[in-house]
Amino acid sequence: MYNIKRNILRITAVFLVLFALFLAYVIYLQLIQSDYHAHNPLNSRNSVLSDTIARGAIYDNRGRIIAKTDEDGLRYYPFGEAMAFVTGYADKKIGTGGAENYFNRELSGKTKDLTMMGPIGELLRGNQGNDLILTVDSDCQQAAFDALDGRRGAVVVLDATTGAILALVSSPAYNPNRIVEEWGALNEREDHPLLNRAVNGLYPPGSIIKPMIVDLALENAVTDEHELFTCGGSLDVGGGFSIKEAHDGVHGNLHLKDALVESCNVTFGALAIRLGADNLEKGFKRYGFYEPIRGEIFESASHIPEFKTLDRGDIAQIGIGQSMLLVTPVRMALISASIANDGVMTEPYLMEKTISPKGIILTEHKKKELSRVMTKERAGLLKDWMEEVVLSGTGKAAKVSGIRVAGKTGTAENNSDKEHSWFIGFAELEKRKIAFSILVENGGSGADTAAPIARKLILSFEK
Amino acid sequence: MLFCGFSLIFIHKNPTISNVSYADFKYLPWIASALIVAFIIEVVIVKTKSRRCAWMFSCACFLSCLGILAIARLDYALTIPQIRWFIVGMAAFIVVVRSEKFLRRLLNYEYVLGILCVVLLMLPLIFGVEIGGNKNWIVLGSFRIQPSEFAKILLVFFLAAYLSEHRKTLDLRKKRLLFFNLPPIRFLAPLIAIWGASLLMFVVAKDLGAALIFFAVAVVMTYAATGNKSYFIFALIFFVTSAIISYCAFNHVKIRFDIWLNPWSDPRGAAYQIIESLFAIENGNVWGAGFTKGYPTFIPEAHTDFIFSAIAEEFGLAGSVSLIVIYALLFYQCVLISLIAVKEEEMLLIFGAGIMFFLQTFIIMGGVTKFFPLTGVTLPFMSYGGSSMVSCFMLLGVIVAVSRKENVNV
């Protein structure tokens with residue numbers, strides 16, 4: 001008898017400990033992990049909320065509607081494909097994407113505070129979702145989409161000071177108004193219209209990396225503004241390989257400024273070799289290449305090679321944005337915004353405000369500075385030099401009279417026949433400083449294809 | 001008397017919530033009769049049995065009512081059947097409690113019990129119908145019965161009787177097999193038979209959950225009776241090897257295990273249920289989405305195995321923690337009652353019943369929360385289903401019947 005009692009008590013103790021463990025796990029699930037899957041596109045709680053609640057509208061920064069719910073409960077997107085990767089889509093079957101996904105809770109009338117209150121929050125909530133005011137400028141967005149004209153590519157336009165995303169375009173795009181019917185076909189198309197190239201496309205940057213290399217070279221004092229480089233048209237990097245100029249050009253003797261303006265590969269290859277693996281890695285780290293943007297937009301991680309394992313030739317290739325380097329258009333827009341913003345990188349964002357149906361501002365964006373990537377003086381220097389690119393160099397096509405425009409073209413070699421066409425830069429408008437990054441896949445030279453798009457973007461603000 | 005009052009508050013409070021949510025009042029007479037039956041039983045228990053028993057019965061009624069509410073909310077058509085099963089369960093409870101002498105006598109016929117138990121398990125294998133991937137049902141007229149639910153009761157009886165009878169022999173260290181102390185094989189045979197039966201059930205009927213319960217109850221009760229850790233180690237080895245073999249040999253076991261490790265590999269296919277369950281539980285947060293305000297209907301089979309997820313979503317952490325605590329207290333009361341039993345076999349019987357409740361609760365709650373791989377068993381008193389409801393009340397009846405009347409006025 002005594003033995004059985006002892007055994008029973010032992011087993012009971014073990015079982016109660018198991019129960020306690022389980023209790024702790026449930027608390028973890030419901031308390032700490034509670035928010036973890038709330039944004040998961042597979043969670044049909046997201047889209048089904050719209051059954052009982054009229055989903056809120058989405059506005060651009062000029063107060064134009066870019067998404068709303070019709071009387072018959074359907075979601076309507078006036079800008080269609082042009083705004084596809086900003087608005088995203090919301091459907092019970094295929095789920096949600098874009099802002100519709102990320103701000104689903106707000107649009108459905110739920111806020112974190114209400115969720116925490118549980119059933120009481122349910123009582124406080126109306127049957128009308130909250131409205132969203134985004135940072136995008138529908139004129140600029142439309143101009144960018146039209147300028148790409150169906151070609152594969154992406155455009156990102158930022159407010160250089162605040163980080164507000166003024167345009168986020170990827171082409172070809174899906175039409176959110178018809179996405180349910182076309183879902184199957186869209187998934188099969190070879191030009192991937194569901195891929196957001198602006199934040200998830202990875203491309204070799206080519207020469208648009210050069211402003212950053214200028215900063216790294218001056219920062220680490222491997223050269224100065226007065227050193228005279230000699231370009232004989234080709235840089236021998238050992239092992240029988242060499243870096244050549246575009247169109248087999250020869251630049252002769254030139255300073256660093258001219259090397260940037262004329263995009264001299266020989267000079268930048270040499271600078272990268274002088275910098276070496278350690279300084280390059282530190283530099284790419286400082287520019288945030290190892291920390292993709294998360295949150296409102298979900299940037300793909302850039303592909304940065306392990307610098308220490310690269311040979312001399314590959315290091316030289318990094319200096320001209322080739323080798324194994326792959327970056328996203330939004331990352332390059334951030335770099336040009338940092339230059340325009342006197343060297344400070346600001347976090348890009350999409351949501352300006354959420355407003356309750358009664359007009360109360362529920363949440364408002366707070367500007368967040370990510371880091372200082374270069375000194376104010378260096379930024380000033382690069383601004384002047386990049387302006388020279390537009391005034392007299394490869395970026396002439398972006399010139400707009402009366403506005404200070406600066407930029408850098410890129411013509412990135414890739415594993416297809418035709419190069420990717422790049423243009424990054426900024427423009428100082430009357431009201432704000434805008435920074436942009438333009439990519440046209442297999443568009444050829446940056447000067448001919450991407451730079452003219454920048455001009456159209458700038459003009460869209462002047463209307 | 002205090003507990004009687006509590007149970008009434010519980011029972012009354014809950015149907016009023018369901019009154020608000022559902023316009024159709026057809027179920028009212030059913031609820032009324034259920035309440036009357038519950039009240040009468042409660043009074044009788046309080047007068048004739050110990051306070052603990054009264055308390056346990058209130059708990060069971062509370063859980064059943066909560067289950068009925070959750071089911072009414074999930075699938076309205078199932079409300080009345082479930083209330084009916086609740087009443088039938090309570091009737092079975094009375095019958096079992098009244099046949100106290102018979103139960104005590106039953107404990108002397110361990111082999112009859114064992115054979116009955118195996119026969120009951122074999123029934124569905126011979127006459128069985130496959131429902132929901134498990135071949136563990138038999139159809140009697142318009143009723144479908146899961147004999148394994150009732151076999152659980154017999155199993156506890158058999159083990160209690162057998163183990164108390166042969167406790168001394170089983171504990172004798174006559175033979176050393178490798179480094180285990182094991183008694184002669186003929187004394188072990190019935191135990192091995194039970195393990196074998198559970199394994200067979202699992203292989204043939206694909207009823208993983210019931211097999212696991214049978215096996216675990218047998219192991220734990222054997223340990224309780226003998227205190228010989230060899231059984232435990234032996235069972236563990238047996239369990240691990242059979243788990244590995246079945247992982248390799250049976251596809252459904254492999255899938256169950258794989259989706260537990262990584263549900264995101266196939267979120268819309270094999271892992272659909274568990275992912276929806278996790279979404280639901282996480283949606284619950286602290287205070288829950290509010291009754292009828294969540295979306296537990298997204299989970300397939302929410303009214304049977306996944307009823308815990310449904311409660312966790314709509315009542316939040318508050319609800320799920322209360323449930324866990326209530327089940328833990330139910331188990332704890334069983335243990336306390338068993339400790340004051342006079343005879344060994346009765347002590348084992350009550351404790352075995354407690355283990356049965358505990359393991360079922362733990363296995364299904366842990367399964368739906370991805371605490372460990374999911375195996376389908378019912379949540380005692382709450383899950384939809386007559387066999388489960390009636391057998392749980394019968395098991396509870398056994399505990400109450402065999403328990404000693406004590407501490408009435410304490």
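Me: What is the numbering, and what are the pLDDT limits?
Reply: Residues count from 1 along each chain as its sequence is written, while chains are lettered from A and ligands numbered from 1 in the order written. The model is predicted, so local features need pLDDT of at least 70 and side-chain atom pairs 80 or more, whereas totals for chains, interfaces and linings use all residues.

Me: How far apart are the end C-alpha atoms of H13 in chain A?
Reply: Only 23 Å, for 22 residues (265-286). A straight helix would reach 32 Å at 1.5 Å a residue, the expected span being 1.5 Å times one less than the number of residues. Helices here are DSSP runs of H or I, at least four residues, numbered from the N terminus.

Me: Where is the kink centred?
Reply: On Gly276(A), with a bend of about 100°, taken as the angle between axes fitted to the seven residues ending there and the seven starting there.

Me: And just after H13(A), which residue takes a positive phi?
Reply: Gly288(A), at about 80°.

Me: Switching to chain B, at what angle do H12 and H13 pack?
Reply: About 15°, with axes 6 Å apart. Axes are lines fitted to C-alpha atoms over the stretch in contact, with angles from 0 to 180 degrees between N-to-C directions. H12(B) and H13(B) are therefore roughly parallel (under 35 degrees).

Me: Which residues of H12(B) make the contact?
Reply: Ser277(B), Ala280(B), Ile281(B), Asn283(B) and Gly284(B); contact puts C-beta atoms, placed from the backbone, within 7 Å. The H13(B) side includes Gly316(B) and Leu317(B).

Technical notes:
Helices (H or I, at least four residues) and strands (E, at least two) are DSSP runs, numbered from the N terminus. Angles under 35 degrees count as roughly parallel, over 145 as roughly antiparallel, 65 to 115 as roughly perpendicular and the rest as oblique. Two residues are in contact if their C-beta atoms, placed from the backbone, lie within 7 Å.
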